[in-house]
Amino acid sequence: MFEKLRTKWKVTPLQLALILCTFAIGGSLTGFVGKRIMPLFGIESPWLYLPVYILLITLIWPMMVLLISIPFGQFRFFTAYLKKIGKRMGLVKK
């Protein structure tokens, strides 16, 4: 599985480890920050809380991953990765 990712992303084993760490830490930090921000909205309805939380973490995740990628030295990889995702979602022009 890891070899397949290395080949797909064209990275070294060390870069792959740093990229996976960035994904893990960025995702965890996104959840942490999202939980801290949600009380500011004052939403009490469980039917509204979950969709707002999902939208919030969807917006926060790219920023957190880019922020974490800087100390790991993977900023260039993640900017290209996020642009690719943006193109697929139709948010960035091709």
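The model is predicted: local features need pLDDT of at least 70, side-chain atom pairs count only at pLDDT 80 or more, and totals for chains, interfaces and linings use all residues. Residues are numbered from 1 along each chain as its sequence is written, and side-chain values use heavy atoms, leaving out hydrogens and water.

**Helix packing**
- Helices (H or I, at least four residues) are DSSP runs, numbered from the N terminus.
- Axes are lines fitted to C-alpha atoms, for helices over the stretch in contact, and angles run from 0 to 180 degrees between N-to-C directions.
- The axes of α1 (residues 2-9) and α2 (residues 13-41) come within 10 Å and cross at roughly 100 degrees.
- That makes α1 and α2 roughly perpendicular (65 to 115 degrees).
- Phe2, Leu5, Arg6 and Trp9 of α1 meet Pro13, Leu16, Ile19, Leu20 and Phe23 of α2.
- The axes of α3 and α4 come within 8 Å and cross at roughly 160 degrees.
- α3 and α4 are therefore roughly antiparallel (over 145 degrees).

**A buried loop residue**
- Gln74 lies in the loop between α3 (46-72) and α4.
- Gln74 is buried, at 6% relative accessible area (buried means under 20%, with a 1.4 Å probe and protein chains only).
- Leaving aside neighbours within four places in sequence, Gln74 is in contact with Gln15, Leu18, Ile19 and Ser69 (contact means heavy atoms within 4.5 Å).

**After α4**
- Leu91 sits in the segment after α4 (75-89).
- Leu91 is exposed, at 65% relative accessibility (exposed means over 50%).

How values were computed. Helices (H or I, at least four residues) and strands (E, at least two) are DSSP runs, numbered from the N terminus. Angles under 35 degrees count as roughly parallel, over 145 as roughly antiparallel, 65 to 115 as roughly perpendicular and the rest as oblique.
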